[in-house]
Every structure is written in structure tokens, then in C-alpha cells.
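Dear colleague,

Please find below the structure that I promised to hand over. My notes on what was found in it follow directly after.

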Amino acid sequence: MYNLINNHMMKLRFVFTCLAILTVAFMLNSCDKKKSSSTGWTYNDSRYGGFEYVYYEEQETGPGLVFIEGGTYTMGKVEQDVLYDWNNFPKRVTVSSFYMDECEVSNVNYREYLYWLKRVFVSYPEVYHQALPDTLVWRSKLGWNEPYVELYFRHPAYQDYPVVGVNWLQANNFCAWRTDRVNELIMVREGLYFLDPTGQADDENFNTEAYLAGQYSLQERDKIPDLDPMAGGGTRNVRMEDGIFLPKYRLPTEAEWEFAALGLIGNMYAEERIFHERVYPWNGHYIRVDDRSGYGKDDMGQIRANVVRGRGDYMGVAGALNDKNDIPGPVTSYWPNDYGLYCMAGNVNEWVMDVYRPLTFEDNDEFRPFRGNVFYTQERDDEGNIAEKDSLGRVRYRNVTDEEAFDRRNYNTSDNINYLDGDVESSTDYLSGAGDNTNSNRMYYQGKQVLDDNNKPIMRGGDKMTSMINNRARVYKGGGWKDRAYWMSPGTRRFLDEKQSRDDLGFRCAMHRVGSTTSSGLN
């Protein structure tokens, strides 16, 4: 009897297994035969023209990144404006979901970048030299910091410390390089490309945009079947529509950085209700762990960030050091905030994308605010195709002309950095209507242009100089190892010329989130 029942159960299990396989096959077949809701034509079928519909679930999280679910928040200072800058009044804005680096970019990350540049751009050594951080930022006229000039960036003891001495332009170039290396590895992972580090040199290196434009030939492993009936059953390259490549790594905007630093998602105790504002990336008004922090008893009284506690106190008293770092510490120091981000206060300041204006909060959009837009377009040849890539393997871009933007309602010129704050309409010359609309010298004049010892033009102030602010002044935030606690409040902001750097200024990368504003947590 037992054997009969057992045989019967095995037969039923076999039947159910077969039905499950048939059901899955039917579902897959049904998916492959999805039809257009506008024409009724079948997708992914060469008999119907071969138009492809991609079943895209969710953006994967790139290396080093953390998902930041966006939303509305009050951007601006919540701390007393002790300097009376009046440059960041509170304003309600909305930030879209995005990704941000868990940690600041470290010395070893940046050395990896330099190693690649030196290895690939053999004919253009200046590319490597222009990317080198300025280690001389450590020097002080009345301090002995020479060991850091030689050791901080190169010695393995500091390899997990944040890179400093990198200006805003260099940080952006690092982001572009990182984008291509991550997308290159995705091609390898998907079985579409053989990893070929020795086959890349000068302009023949993997660049995402150049590849999408058909101007880079990979060491191909497999290709995607081309469903276009005119292709005769051939194959094709990856397209943007396939959803395989990740969006670009970039610097975060000021609004994104401030939103992520505050981490107010940790203070939502009821749906859509934030019960406590924050002065710092944690609750409370102290820079030590207190009883409102939710940590263990052993953490009570510990300093939360690498910061100057008081005059001459950079690390505490021997035997009981407070923040335990005299200069920048490892990028995973202290406790992460409620988004899982380390060192969003103290350690090093961080570059953001924005151009500085003291009254930006009055002018910026409420949705994804940002000042610094310069609109570009790809260079095209006479036949309308993307122009040949440059000597470094990159697609060429140029500013949009006023003629091309003439009939647009949303913008009418390429350079919009000065919009409402530095252009003709916002100046005392607005009645004349004369002059270049993007020229910042009208309101933000920095003096005469002179020649340095190498006969290169520089601005040294002088006749009629009115401001240190111009279109090259970029915002940095977060406070650093040599700052007081005031600068650790995410609402504070300072600026520096995009070609300059400091020994307490680094950066971290961000990435746009495509599709859903919420994450399933599976990618």
C-alpha cells in the first residue's frame, strides 16, 4: 500500500513539474511576443521589423555606491549664521533619488586612476601629469608639514585615506574615467567583451560614448543578435536602449550632497513625518555620541567626526585621543549616517558640482536645484554623423549656439551660469541691453589679467576688482580635519576656484538613478 501511494505521489510530482516547465515556457514565449499597444505589431520579432522591447527590472548599484532615496526637504542652514554670510537661507526643494559613494575617494582609488592614465596614454604623458594631485598643498609657512608632501599620497599607510590636493576639474575627469572602467567591466561580465588591458593605447581605449557612436572596436567575445530583418540574422553592438551600461559617475549637486548628508530618512517615525530636524548628519546638537544616538554604552562620549575641537586641539590628549586623527583619517572612520555614508561631516571637505553665488537659494528651481548649467551638443560632420573622436578617444562636444536655441522656451543660450545673477538683466546695465549675456565681469569683476613668470595669463586683482566670486568659483561642503564644528553642518557652504585645491578638500562621486525612485534592494 505504501509503495502504491509513493508511486502515485511521484507521478503527481512529475506531472506538476512538467506543468511548471510548460507554464514558464509559455510565460517566456508570451514575453517574447509582447505587442505594441499603439500599433499591435509584435516586439522582438524580425518578421515584424525587429523592433526590440527590453525587459528592464531595475538599475544595478555601481561599485562603491549607495542608493539614496530622494524626496522633499528644507535645504539651507539650520545653524546660526555666525559669519553673517546670508548665503543659504532655508528653502523647501525636492531631490530625485540617486546614488552616492559610500566613502570619499581614497588615495588608492586615485592612484589606480593615475596608473591607468600613465599606462594607456603613452603618447600623451601630459594627461598623466595634469591629473596629479598637488601635494604641495600640505606646505605651511609656519608649520612643518614636509613629510606629508612626500608621503601622504604615495605611502601605503595612507592608501585608504581621502585624496586631497585635487581640484574641481581633476575630480570631474576622475568621474569620467570611472564611468568608462565600470562600463567596460560590465561588458566583460555580460560575456560581450574580452578583457584586453594590453590592447588599449592612446585613442584606442574603451570610452562609453565612443563605443555607442561606433568609434571603438572591442576585443569582442559575443554580440547581441540583430533582429532587424535587413541585417540578415547578424549581430550588433550594445545600444543605450539595452540598459546594460550604467549612467555617468559625476560629482553630486549641492542639493543632493546636503540631502544625503542630513540623512533625514532616519527621523521618519510615521509616514511622511520627519519629527526632528538636524544640525549635523546625526541627531542632537553635540559632536559626541550622546544618549539620543541609539549606540551602545561603550560609544558614549566618543567624537563623531574628524574636526578641530578647540584652539590648537586637532586630535586630543595622548592616552585618550578624541577623534584619533591629526590629519584626514581613513575614509571609513566613525559611524555612517542613516543612508550608510561615511564622513559626511569632518575628515575632508568635498567638492560639489555647483557654481557659487551667495543668493543661489533665491533663484534656484524647487526641483533638482543647481547653478552651473552649460549646455553642450556633440560635434557632427557634414552628413550629420557624430564627428571623429579626439586623440584621447573621447567624443567631441561644443557649446550649443544661440541660433540653435533661438526658438526654445526653456533656454536661449548655452552658458546659463549667470542666469538671474550676473547676466545683463540682473545688472545695472540691464537698460542698455548691451554686452555678452554670459560675461560675469559685469557683476563679479576680478581685476586685471596679467602675465605670470611663464607668460601665462592670470588674475591678480587690481584696478576695479569688486569680488572673489566668478564663474569658476565652485562650492565645497562638509567641513574638514582643520575646521571647527560649525562647518560640519550640511547647510554651510564655501567656495574655491575650480583650478585650486586644499589639503582638507576631497570629493566623492554620485550617479543618476533611472526609472523608479524606490529601490527593491536586490541590485
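In this predicted model, four strands form an open sheet with mixed pairing, in the order β18-β17-β12-β19. Here helices (H or I, at least four residues) and strands (E, at least two) are DSSP runs numbered from the N terminus, and two strands pair if DSSP finds at least two bridges between them. Because β18 (494-497) and β19 (505-506) stand at the edges, each with a single partner strand, one side of each is left without a neighbour in the sheet.

Turning to a helix, α7 (residues 254-262) is mostly covered, with nine of its nine residues buried, where buried means under 20% relative accessible area (1.4 Å probe, protein chains only). Among them are Trp257, Phe259 and Leu262, together with Glu254, Glu256 and Glu258. After α7 comes Gly263, which has a positive phi, near 55°.

For the chain as a whole, the secondary structure comes to eight helices and 20 strands, and 45% of the 523 residues count as buried.

As for the conventions, residues are numbered from 1 along each chain as its sequence is written, and side-chain values use heavy atoms, with hydrogens and water left out. Since the model is predicted, local features need pLDDT of at least 70 and side-chain atom pairs count only at pLDDT 80 or more, whereas totals for chains, interfaces and linings use all residues.

With kind regards

Definitions and conventions
Buried means under 20% relative accessible area, exposed over 50%, partly exposed in between (1.4 Å probe, protein chains only).
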